[in-house]
Amino acid sequence: MPEEELLGVVSKFAEPSQKGQPLQPRLAASINYLTTHQLREQVLSEATNKYRAPENCVSLNIPTVNTPIWGNISPGIRTHELKIQKILKLLTSGITAFARSIDSTDMTEEQQDALALLCNTQYEINCFQKSSLRPTLNPKFAGLCKANVTPPPRQLFGDDLPKQVKDLDEEAKGVGLIKPPSSSRPQAYHRQHPYATTNRPRGQPNRATGTFPKVAPYPQRPLLGQGPQRIAWKMRQPHIPATQLPKKDQKIR
């Protein structure tokens, strides 16, 4: 088989590569370094202050947790939220710097994709920030953490939080008026087996009743009478017929 045909068959059935086109060597080396090393706090502070959110892009503002919620969460959750806000600050500064470096009238396809991916990353982080607070909220107010709600520009749960809480409270009362659906599955019928035997190994269920009987260490007593007694063989008395028993006045020889 010619080599050209062999290569065509291999490329047809081989798994596609998950890697994209290579970048310029110096650019690739810079990206690899920046993504694996933490920058100094002073450098990060200078960069974030240089690229503040534009006044006509309120969505790039970092939302803060509403005061009624922030004042009632544990210190551990507060620390977690502050870390998320720090990540958002770096991301929004990066979006602002990238947006200032492009011309909106002449954007390439790669620039459009980069801007869309960066902005969607901010949206996902805002949604994650709200969902991370769900365990601390009352279950009937869990609707505040829905991911399909657009993150507000200033406060995480919106500027009208009291109104949202009131609406969710009324909604919860309305749901409480509805009777929960009862199960249509009939209850299992257990047939009574009063004379079911229990002479089986310990721990084995009764096939007739499907229950685990309380098996005594020795054979149980029958329905009538006392059943066998566990008496040592040496202490058993010989059986004497009633006709051979001595009378009251007769002396035993």
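The following paragraphs describe a predicted model of a protein chain, from its overall fold to individual residues. Residues are numbered from 1 along each chain as its sequence is written, and side-chain values use heavy atoms, with hydrogens and water left out. Local features need pLDDT of at least 70 and side-chain atom pairs count only at pLDDT 80 or more, whereas totals for chains, interfaces and linings use all residues.

The chain contains seven helices and zero strands, and its pattern along the sequence is α-α-α-α-α-α-α. Helices (H or I, at least four residues) and strands (E, at least two) are DSSP runs, numbered from the N terminus. Of the 253 residues, 16% are buried; buried means under 20% relative accessible area, exposed over 50%, and partly exposed in between (1.4 Å probe, protein chains only).

Helix H5 (residues 75-100) holds Gln85. Gln85 counts as buried because its relative accessibility is 16%. Apart from neighbours within four places in sequence, Gln85 is in contact (heavy atoms within 4.5 Å) with Ile62, Pro63, Thr64, Val65 and Gln129. Across the chain, 59% of the contacts with a separation of 6 or more join residues 24 or more positions apart.

The surface may be considered next. Val43 lies in helix H3 (residues 41-50) and is partly exposed, with a relative accessible area of 34%.
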